[in-house]
Each structure stands twice: as C-alpha cells, then as structure tokens.
Amino acid sequence: MANFGYKKVLMLVGDYVEDCEAMVTFQALQAFGLTVDAVCPGKSVGEICVTAVHDFKGHQTYSETQGHNFKLTATYAEVNADSYDALVIPGGRAPEYLSADESVLHLVKKFADSKRLVASICHGPLVLAAADILKGLECTGFAPVKPVVIAAGGIWKEAPCVQDGNLVTATAWPDNPEFLKLIIKALGGKIHGSGKKILMLCGDFMEDYEALVPFQAMKALGYQVDAVCPDKRTGDRCPTAVHDFEGAQTYSEKPGHDFTLTASFNEVETESYDGLIIPGGRSPEYLALNEKVLSIAHHFAETQKPIASICHGQQILAAAGVLKAKTCTAYPALKKHMMLFGANWEEPNPITKCFTDGNLVTGAAWPAHPEFIANFMALLGSSVKF
C-alpha cells in the first residue's frame, strides 16, 4: 500500500475540467505515495465537479461529452497554500473561467513566487498566463493556448511536455505519463524497479478510468505497457465507457475516451511479460468467452506473475478457473458469481479497499485505484522514493 502523505500536492479543478487530466494525475500521484488535495473555488470537500471527456476524432478541434463526477477532497476556502509542495492545474474548459478568479491567480502567484512546483496541462496554462508567471519561461499546452502564452511573455515550445525550473507543462491527456514523470522528478522523486513489461487485456467498452489510469501510471514509472484486444492490432482503438455512481441502483454509463492499443493481440508472447492488468467495465463479460484470453490469465496465475484486476475484470479470472480459494473482491454485484467459482469473497468496504493474495491484487471499482496501483507496484518490486 502507498505511504500516503510524505509530500503534499494541491490540485485546482473546476466544472468541466478534462476528465482524465484530473483523475489520472490525482490517483497516480497518490499511488506513488503523495497526498493530493483536490479543490475548486466556491465548493467544499465532498462536493463534485462535472468533468468533460475531450477526444480527438478527426474534427478540426476536440469533441466533448460529459465525463465522471470528480469528488473534491478539500475545501477551497480553507486551503493553507503554505502546506503544499506543488500545485497542479489540469486542462479542459475549467481553466478558462478559473483564470478570471482573483483568488485563484493569487494562489498561483504564491506557489510561483516561493519557487514551488507548478504543473499544468492542456488549457491549464491559461491560468498561468492570467497570473502573470510565464515571463521568460519555456512552456507548452494545447495548441490554441499558444497566443495567450506568448502574450503573457512565455516562450512557447512545440513539445509534448516541457520543464523550465519549477514549471512543468504538457499538451494534453495522451501526454500524462511524461507529465507525471516530470512532476516526480521536480519533487525530488526517484523511481525504483521499473523497466519491466506489462500486458493489459482490453476490450470494447472497458471502463475509461480503469483503462487509462493504470495504463498511464505504469508508463510514467517507465514500464512498457502493451495494451491488446482480441481481433485488433497496434494503433486500433477500443471505445471506453464512463461508469459512475449517480444515485441509481446501479452505475450509469456515458461514452469515454477512445483508447489506442499499443500492441497486436495475435502477436502476444505471454512468457515475455512480468505482470498483467485487467480493467473492468463491460468488456470482461465477452472477453471471458475468448479461449486465448483465458489461457493468458491462466499463464500468469500458474507462473505466479503479478495480476491486477479491477471491477468486472475478475469475470475473466473466474472463467479461467484461477480464483478458487483466492481471497479477492470485485464489483459488489459480482459477489455471488465470484463465490460460485470458489473465491474467498472480501467485502470492498470502503469501495477504495483492495486485497492482495499472493500474486493477485483485486479492487472493486475505479475509486480504489491509488491502493490498487500501489499494491501492484509492490508485487512488481517498484517504488517511488521522495
């Protein structure tokens, strides 16, 4: 489990912040051992910010659909900025209106003046420009932000990620791994035990966060993550699903990001991988009918290589016959199904709780990602030391 709390990061979000630019950074940094407080002007701990899924589908600009609800973990009005080591500003549409808030600009200047890390992605540099902290500094962002950055005296760089002293900037959510890596470096962190190969079993309508968060977090640590899907090849895409908890008797669903595969399923050599990730969502129920998928799961179980499976991902492990006598959890509605396959069920109470039994890490849903990723890192022999 991550040793939360060694260093503290403040994340500034707002309504229609880009979904995974907020959550990937929020959950990955916690998995790496940091405390992260997410705040929004005018809102308190426990309230939500609506997020936006921005994607690139061949139009002249990004598309937008509504994403997950992002729950705030601290109250903006009560924040003591002096107690944090870094400030992170995700992109999306939120930075546009946040850049008109004088209290936000004062907060940003305070971090910059004290030479603490300020990290911003996509449209986030709009806030930095309005706070007048970019003069003479190299930075990047989503391309249409360029004129504002230059007008604010910044030195625009055509690069996915840029670090200039205590300022780290990135272009958009596909660059999250390098963005996270630069944040770790700027905070004095050292990554240990990386350089291994991870296989990730993907499918159409896997859960958006449950694919992107572990995928990008592990890449940030220096792992090669080969994301594959039956009948698809490198560069093909899987549509994802945004599953959220909005007061109905089960989760809601909205369209998520398109996930680009990084390897071809029919070329997988299972023996060459050091660990396996199985996201949840709706894809596991049909992937569990694929004999090669089941043989892959069986190989990792038989050879005692680390397996990290979350939410409905355990449907694949159950069908592969590898859960018998294993202590595990899953999405709560699967309890009886897991027990039918001989699993020793553990209640995910709270929903953020994960369980490790030998080489197997299981979680119930995406809110468990910080512990889920941290436990998987431990099995792989990885750590981040600050």
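Trainee: Which residue in β5 stands opposite C49?

Mentor: C49 stands opposite F70. This is a predicted model, so local features need pLDDT of at least 70, side-chain atom pairs count only at pLDDT 80 or more, and totals for chains, interfaces and linings use all residues. Residues are numbered from 1 along each chain as its sequence is written, and side-chain values use heavy atoms, leaving out hydrogens and water.

Trainee: How many bridges link β4 and β5?

Mentor: Seven, and β4 (residues 48–55) runs antiparallel to β5. Strands (E, at least two residues) are DSSP runs, numbered from the N terminus, as are helices (H or I, at least four). Two strands pair if DSSP finds at least two bridges between them.

Trainee: What is the strand order in that open sheet?

Mentor: β2-β4-β5, with mixed pairing. β2 (17–18) and β5 (63–71) are at the edges with a single partner strand each, so one side of each has no neighbour in the sheet.

Trainee: Switching to the core: which residues touch the most other members?

Mentor: F32, M218 and F259, in the largest nonpolar core, which has 133 residues. Such a core is a set of buried Ala, Val, Leu, Ile, Met, Phe, Trp, Tyr and Cys residues joined through side-chain atoms within 4.5 Å. Buried means under 20% relative accessible area (1.4 Å probe, protein chains only).

Trainee: And what is F32 in contact with, beyond its neighbours within four places in sequence?

Mentor: I184, A217, A220, L221, M377, V384 and F386. Contact means heavy atoms within 4.5 Å.

Trainee: Which residues of α1 meet α7?

Mentor: D19, C20, M23, V24, Q27 and A28. On the α7 side, the partners include Y209 and A217.

Definitions and conventions. Buried < 20%, exposed > 50% of the residue type's maximum accessible area, 1.4 Å probe, protein only.
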